[in-house]
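Here is a friendly briefing to read alongside the coordinates. Have the viewer open, and follow the topics in any order you like.

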Amino acid sequence: MEGLGIKKSWLKIIIKFKVKYSLIIILSLLLTSLVFVSCDIQNESQIRESHTENIEEEDTVNVMELYYKVLNGDEDFIDYSNAYGEINPNEANINELYYCDQKEYPMVPTKVALVDFDNDGMDEVVILTNIINEDSENSTEIEYLVFHYYNGRVYGYEHIYRGMEGLDTSGNYIGSSGAGDNKFFGITFEGEVEVEKILAESTTIYDETRCSDSTKAIWFFIGDEEVKEDEYLKYINSGIKVTWEDYIDNSWETLFE
């Protein structure tokens, strides 16, 4: 009986050892599997990030190539300008620009700049055009034209000369409608539609409470908040002005190198 008890005790020890050893093996296998899964996920994530970066870089290159073709006259753009409060999209070419669509007033590009108006990491192109008077050799700076890429095409948006002054690298600019009436704009895009947003403004108001002789007073606003003139001027002049390249001598091509 004593020998049988010893055998049972050894049997219990062996069983416990086997169970404990089996658990250790199972845990080791699970940890090893988790390590491999983690490595696979990390590698897949790195590959996906690299692929995304390559796609974004490729897209950027393709967009810039398309801009280049438009500026060179090798590709048409869609004129999406808001003329007299109405948008009538039509195909246009940079070599055939006319002021108010009047053939007797041709416009020629003179300066080019790259600006990321909507801060999405993709530049837009803006050009300054001169109107050529066929009756004289003089030309006058007349309009800005903003080019924006959307869904495989380049869209163009006209801005009168006084409506886009002091353009800075953030895509903000001043639109002037009088000595004391100015608006500080930014641009965003909703699909193919350009949206101007008023960031700040100065406006002339006739107000007897501010001027004893009932003459005009100029109010200054940043957003909806009224501010002092010096604060307003500091705000609208805080940006770095864009660098323009000449279109006539083809120095603009350096922007796409």
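Asn 90 lies in strand β4, where strands and helices are DSSP runs numbered from the N terminus (helices are H or I with at least four residues, strands are E with at least two). This is a predicted model, in which local features need pLDDT of at least 70, side-chain atom pairs count only at pLDDT 80 or more, and totals for chains, interfaces and linings use all residues. Residues are numbered from 1 along each chain as its sequence is written, and side-chain values use heavy atoms, with hydrogens and water left out.

**Around Asn 90**

- Asn 90 is partly exposed, with a relative accessible area of 36%; the classes are buried for under 20%, exposed for over 50% and partly exposed in between, using a 1.4 Å probe and protein chains only.
- Not counting residues up to four places away in sequence, Asn 90 touches Phe 77, Ile 78 and Asp 79, a contact being heavy atoms within 4.5 Å.
- From C-alpha to C-alpha, Asn 90 and Asp 79 are 5.3 Å apart in space, and they are 11 residues apart in sequence.

**Overall make-up**

- The secondary structure of the protein comes to two helices and 15 strands.
- Of the 257 residues in the protein, 31% are buried.
- Among contacts with a separation of 6 or more, 41% are between residues 24 or more positions apart.

**Salt bridges**

- Side chains of opposite charge can pair when their charged atoms come close.
- How many salt bridges does the structure hold? There are two, counting a side-chain nitrogen of Lys or Arg within 4 Å of a carboxyl oxygen of Asp or Glu.
- One of them joins Arg 153 to Glu 91, with the closest N and O atoms 3.0 Å apart. Arg 153 sits in strand β9 (residues 153-160) and Glu 91 in strand β4 (residues 90-92), so this pair ties together parts that are 62 residues apart in sequence.
- Lys 183 is partly exposed, at a relative accessible area of 30%.

**Aromatic pairs**

- The count comes to 15 aromatic pairs; rings of Phe, Tyr and Trp (its six-membered ring) pair if their centres lie within 6.5 Å, and planes under 30 degrees apart count as stacked, over 60 as edge-to-face and the rest as tilted.
- Phe 77 and Phe 147 are edge-to-face, because their ring centres are 4.9 Å apart and their planes stand at 70 degrees. Phe 77 belongs to strand β1 (residues 77-79) and Phe 147 to strand β8 (residues 139-150), 70 residues apart.
- Phe 77 is buried at a relative accessible area of 1%, and Phe 147 counts as buried at 1%.
- Phe 220 and Tyr 232 form a tilted pair, since their centres are 5.2 Å apart and their planes are at 40 degrees. Here strand β13 (residues 216-222) supplies Phe 220 and helix α2 (residues 229-236) supplies Tyr 232, 12 residues apart.
- Both Phe 220 and Tyr 232 are buried.
- Tyr 80, Tyr 150, Tyr 155, Tyr 157 and Phe 189 make up one aromatic cluster.

**Nonpolar cores**

- In soluble globular proteins, nonpolar side chains tend to be buried together.
- The largest nonpolar core has 23 residues, and those with the most contacts inside it are Tyr 67, Leu 71, Phe 77, Val 125, Ile 127 and Phe 147. Such a core is a set of buried Ala, Val, Leu, Ile, Met, Phe, Trp, Tyr and Cys residues joined through side-chain atoms within 4.5 Å.
- Elements giving two or more residues to this core are α1 (2-72), β6 (106-115), β7 (124-132) and β8, and α1 provides the largest share, six residues.
- Leaving aside neighbours within four places in sequence, the contacts of Phe 147 include Val 70, Ile 94, Glu 124, Val 154 and Gly 156.
- A second, separate core of 18 residues includes Tyr 80, Val 126, Tyr 157 and Val 242.
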